[in-house]
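Keep the viewer open as you read, and click along.

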Amino acid sequence: MRSKSFPSPPTPNFTSLVLTPNLLTSSLMPDPIALPEQTLATYLEANVTGFHGPLTAQKFKGGQSNPTYLIEAASGRYVLRRKPPGKLLASAHAVDREFRVLRALSGSTIPVAQPLHLCVDDSVIGSMFYLMTYVPGSIFWDPALPELAPGQRTAHYEAAIDALAALARLDVAGAGLGEYGKPGNYFARQVARWSEQYRAAETERIEAMEMLLAWLPGNVPPDESRIALVHGDFRIDNLIWSERAPVIAAIVDWELSTLGHPLADLAYFCMALRLPRNPVLPGLAGIDRMALGIPDEAAMIERFAAATNLDPLPHWNFLLAFGFFRLAAIAQGVLKRALQGNASSEQALAAGRMTKAIAELGASVANSG
C-alpha cells in the first residue's frame with residue numbers, strides 16, 4: 001500500500017464515560033413492550049422443532065432499532081428479535097432480511113447465531129419476529145475495552161478486522177445471497193436511500209447534514225469489481241466474543257446488511273476512532289489509544305488491505321463521510337421514533353439527539369478531502 005498521513009480525529013467537547021463490558025446475560029432490562037409469554041410459548045412449541053415451554057422473556061439493553069429478547073424455556077435459551085410496534089419508516093426494521101442472511105451464513109466461515117424460525121404473522125406478538133439460538137459469550141459495549149489488558153485489546157481489534165476481511169472475501173453467490181441486494185452503484189443508492197430516510201425523520205434543519213446531502217452525491221467512488229456482503233453496522237458491540245477470546249463467537253444485528261462495496265464496513269468500523277467519549281455512543285476520540293493497545297487507523301487499514309488486496313485509501317474521506325452521514329440519519333430516525341414513543345431503548349432519545357454532532361464529524365472529514 002502507498003503511504004498516507006492520517007490526521008488526528010477531532011475531539012468534540014463531550015462528557016467522558018467509560019461503560020463496563022457485560023456478559024450477554026447481564027445486559028437485560030425491564031421491557032415496556034413485554035411479550036405475551038403464554039401465547040408465544042404455544043406458538044413456538046407448534047412451529048420450532050424441539051422447543052418446549054413455558055418460557056420467560058427479558059429484553060436486552062440497547063437495540064434502539066429492533067427489540068431483542070432473551071428467551072428462557074424448558075428446552076433451553078434462545079434469542080428473539082422483533083420489529084418494534086408503531087408507525088415505521090418504509091424498508092426499516094427488516095427482521096426478515098436478518099433471518100435470511102443468518103440462514104445463508106449459518107455453518108460458513110462467518111460466525112453467526114443459528115436462525116430457527118421466522119414469524120410473519122403480526123397477531124402472535126404484535127409484529128414480525130424471528131427466533132435464533134442463544135450464543136454464550138461476552139459483549140463489549142465500550143470500544144476502549146476497559147477490562148482488557150493492552151495486548152488483549154490489540155488481539156480483539158485484529159480479530160475484528162480479520163472478520164471484516166472475511167466478509168469482504170465471502171463468495172456471496174456461493175452462499176446463496178447473489179440476489180440479496182442490487183448489484184452495482186452501492187454508494188449512490190445508499191446516499192439516495194439515507195437521504196430519503198433522513199428527510200422522512202427530519203425534525204430540524206442541521207447545516208452539517210445539508211452539506212453532506214449536497215457533497216456526497218458528487219463524490220461517489222467507482223464500484224469495485226468485487227461485490228461483498230455488507231453488514232451495515234459492524235461495531236465492537238455487535239460482536240459476541242467466545243470464552244476462547246479473542247475469538248468471535250457470533251456477529252449480530254444484520255438488519256442493515258445488503259450487497260455492496262467491500263470497503264463500506266471497514267470505514268464504518270473505523271469511525272469509532274473519531275466518535276467522542278459519551279454515555280450514549282462511546283467512541284475513542286481524545287484518549288491515548290496507543291497506550292491502550294488499540295491499533296490506529298493506518299494499522300487497521302493495512303491489515304484489512306493485506307487480507308483482501310483492496311486499497312481503501314484513494315476514497316477514504318468519502319468512505320468516512322458517508323459512514324457519519326448514514327449514522328446521523330439513523331440517529332435521526334431513532335429520535336423521531338423516540339418523540340413518537342416508538343423507540344426500543346431507554347437511551348433512544350439521547351442517542352437521537354446526537355444527530356448534529358455526528359453529522360458535523362462527517363462534514364469535517366468531507367471538508368478535509
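1. Rings of Phe, Tyr and Trp (for Trp, the six-membered ring) are taken as a pair if their centres lie within 6.5 Å. With that in hand, take a look at Tyr-186, Phe-187, Trp-215, Phe-318 and Phe-322, which form one aromatic cluster. Please remember throughout that this is a predicted model.

2. Searching the whole structure turns up ten aromatic pairs. One of them is Tyr-157 with Phe-269, a tilted pair at 5.7 Å centre to centre and 50° between the planes. Tyr-157 belongs to helix H3 (residues 150-169) and Phe-269 to helix H6 (residues 264-270), so this pair ties together parts that are 112 residues apart in sequence.

3. Phe-187 is buried, with a relative accessible area of 1%, and Phe-318 is buried at 3% relative accessibility.

4. Leu-216 deserves a click of its own. Leaving aside residues up to four places away in sequence, Leu-216 touches Val-191, Phe-318, Ala-321, Phe-322 and Phe-325. Phe-318 and Phe-322 are also members of the aromatic cluster.

5. Helix H3 has 20 residues and reaches 29 Å from its first C-alpha to its last, close to the 28 Å expected at 1.5 Å a residue. Among its buried residues are Arg-153, His-156, Tyr-157, Ile-161, Leu-164 and Leu-167. The cover over the buried residues of H3 includes strands E9 (228-230), E10 (239-241) and E11 (248-251), along with H6, helix H7 (289-292) and helix H8 (297-308).

6. The charged end of Arg-97 sits over the ring of Tyr-180, 4.0 Å from its centre. Arg-77 lies over the face of Tyr-134, at 5.3 Å from the ring centre.

7. Finally, some backbone details to check. A cis peptide bond, with omega about 5°, joins Gly-53 and Pro-54; Pro-54 is in the loop between helix H1 (37-47) and strand E3 (55-60). Leu-145 has a positive phi, near 50°, although this residue is not glycine. Leu-145 is in the loop between strand E8 (138-139) and H3, and counts as buried at 0% relative accessibility. Asp-253 also has a positive phi, near 65°, and is placed in the loop between E11 and strand E12 (258-260). Asp-253 has a relative accessible area of 19% and is therefore buried, as the cut-off is under 20%.

Definitions and conventions
Residues are numbered from 1 along each chain as its sequence is written. This is a predicted model: local features need pLDDT of at least 70, side-chain atom pairs count only at pLDDT 80 or more; totals for chains, interfaces and linings use all residues. Side-chain values use heavy atoms; hydrogens and water are left out. Contact means heavy atoms within 4.5 Å. Rings of Phe, Tyr and Trp (its six-membered ring) pair if their centres lie within 6.5 Å; planes under 30 degrees apart count as stacked, over 60 as edge-to-face and the rest as tilted. Helices (H or I, at least four residues) and strands (E, at least two) are DSSP runs, numbered from the N terminus. Buried means under 20% relative accessible area, exposed over 50%, partly exposed in between (1.4 Å probe, protein chains only). A charge sits over a ring if NZ of Lys or CZ of Arg is within 6 Å of the ring centre and within 35 degrees of the ring normal. The expected span of a helix is 1.5 Å times one less than its number of residues.
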